[in-house]
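Keep the sequence and the 3D view open while reading.

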Amino acid sequence: MKISVQATDFDVGFEVQNLSKEKTVGAVASFVGVVREVPMTLEHYPGMTENSIKKIADEACSRWRVIDCTVIHRYGALRPGEQIVLVAVASAHRGDAFAACEFIMDYLKTQAPFWKKEQRPEGERWVEARASDDQAAERWQGPARKTG
Amino acid sequence: MKVKVLFFASLREQLGISGEEIELPSGVTTVGGLRCYLSKRNDSWQGVFSEGRLIRAAVNQDMVQPTAPIKAGDEVAFFPPVTGG
């Protein structure tokens with residue numbers, strides 16, 4: 001498992017290739033979040049941010065048959081078009097990889113301490129949390145299931 | 001008892017500090033109690049910690065509910081709902 005909270009960019013191809021090396025891996029699902037339209041600065045809580053992502057990834061590994069996973073999240077100043085986050089999950093089959101990847105992303109949105117501040121032409125403003133993000137995470141509550 | 005209190009994002013900006021060591025009166029034993037205590041410092045702290053505002057908290061870097069207990073030496077953080085990803 002690789003968890004990294006970093007200012008620098010990441011190479012999706014390299015990270016996905018790294019997850020594909022184990023010979024039991026038959027599927028790698030990846031999600032990349034990108035800055036849309038407005039420049040922003042991302043603040044985090046060093047220590048807690050890494051730990052909370054680790055907990056979410058551990059939970060995904062307990063719910064689905066995950067062989068390995070990588071989560072990279074950036075902080076600091078980011079421009080439109082830049083990558084913010086990568087979640088990549090390796091599994092034997094696509095069902096587990098897709099589900100675990102989506103689960104990690106949904107929980108990261110509501111549990112991992114990051115805060116976005118947008119630099120808009122009219123001034124800076126903190127992004128407000130969205131109820132739809134809470135709902136996305138809540139739909140995973142309930143009995144764990146393993147697919148594939 | 002003494003605790004370390006941290007503030008993040010909009011809270012940090014509005015208060016003008018990122019954290020401090022605070023000596024708590026004996027009656028303050030939970031995260032909710034600490035929030036209430038901080039809100040009574042002065043008008044600007046009251047504005048930031050007013051009851052209607054959604055504020056999340058963590059004790060020793062674990063997200064907790066307002067009823068969570070605090071003890072001497074704890075690191076207690078207050079912050080707005082998170083917006084990463």
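Helices (H or I, at least four residues) and strands (E, at least two) are DSSP runs, numbered from the N terminus. By that naming, Met40(A) is found in strand β3 of chain A. The model is predicted: local features need pLDDT of at least 70, side-chain atom pairs count only at pLDDT 80 or more, and totals for chains, interfaces and linings use all residues. Residues are numbered from 1 along each chain as its sequence is written, while chains are lettered from A and ligands numbered from 1 in the order in which they are written.

**Chain A overall**

- Chain A has four helices and eight strands, and from the N terminus on its elements run β-α-β-β-α-β-β-β-α-β-β-α.
- The radius of gyration of chain A (taken over C-alpha atoms) is 16 Å. This is close to the 15 Å that the globule rule (2.2 Å times the number of residues to the power 0.38) gives for 148 residues, so chain A is as compact as a globular protein of that length.
- The C-alpha trace of chain A spans about 50 × 35 × 25 Å along its principal axes.
- Of the 148 residues in chain A, 35% are buried. A residue is buried if 20 or more other C-beta atoms lie within 10 Å of its own, exposed if 12 or fewer, and partly exposed in between, with C-beta atoms placed from the backbone.
- Residues 24 or more positions apart account for 78% of the chain A contacts with a separation of 6 or more. Two residues are in contact if their C-beta atoms, placed from the backbone, lie within 7 Å.

**The four-stranded sheet in chain A**

- Four strands of chain A form an open sheet in the order β5-β3-β7-β8, with antiparallel pairing. Two strands pair if DSSP finds at least two bridges between them.
- β5 (76-78) and β8 (123-126) of chain A are the edge strands, each pairing on one side only.
- From one strand to the next, the twist averages 25°. Axes here are lines fitted to C-alpha atoms, for helices over the stretch in contact, and angles run from 0 to 180 degrees between N-to-C directions.
- β3(A) and β5(A) run antiparallel and are joined by three bridges; Thr41(A) has Ala77(A) in β5(A) as its bridge partner.
- β3(A) is also joined to β7(A) by five bridges, again antiparallel, and His44(A) stands opposite Phe114(A) in β7(A).
- β7 (residues 114-120) of chain A pairs with β8(A) over four bridges in the antiparallel sense, with Arg120(A) opposite Gly123(A) in β8(A).

**Strand β3(A) and Met40(A)**

- β3(A) is largely enclosed by the rest of the structure, because four of its five residues are buried.
- Met40(A) counts as buried because it has 24 C-beta neighbours inside 10 Å.
- Not counting residues up to four places away in sequence, Met40(A) touches Val35(A), Leu78(A), Lys116(A), Lys117(A), Glu118(A) and Gln119(A).
- Met40(A) and Glu124(A) are 84 residues apart along the chain, yet their C-alpha atoms are separated by 8.8 Å.

**Nonpolar core**

- A nonpolar core is a set of buried Ala, Val, Leu, Ile, Met, Phe, Trp, Tyr and Cys residues joined through C-beta atoms within 7 Å.
- The largest such core has 53 residues, of which Ala60(A), Cys69(A), Val87(A), Val89(A), Ala100(A) and Ile104(A) touch the most other members.
- α3(A) supplies the largest share of this core, nine residues.
- Leaving aside neighbours within four places in sequence, Val89(A) is in contact with Val28(A), Ala29(A), Val66(A), Cys69(A), Ala97(A), Ala100(A) and Cys101(A).

**Contact between chains A and B**

- The contact takes 22 residues from chain A and 14 residues from chain B.
- β3 (40-44), α2 (48-63), α3 (94-111) and β7 of chain A each supply at least two residues of the side that touches chain B.
- α3(A) gives the most to that side, with five residues.
- The residues on that side of chain A divide into 13 nonpolar, six polar and three charged. Ala, Val, Leu, Ile, Met, Phe, Trp, Tyr, Cys and Pro count as nonpolar, Asp, Glu, Lys and Arg as charged, and the others, Gly among them, as polar.

**Chain B overall**

- Chain B has three helices and five strands, in the pattern β-α-β-α-α-β-β-β along the sequence.
- The radius of gyration of chain B is 12 Å, close to the 12 Å that the globule rule gives for 85 residues, so chain B is as compact as a globular protein of that length.
- The C-alpha trace of chain B spans about 35 × 30 × 20 Å along its principal axes.
- Of the 85 residues of chain B, 25% count as buried.
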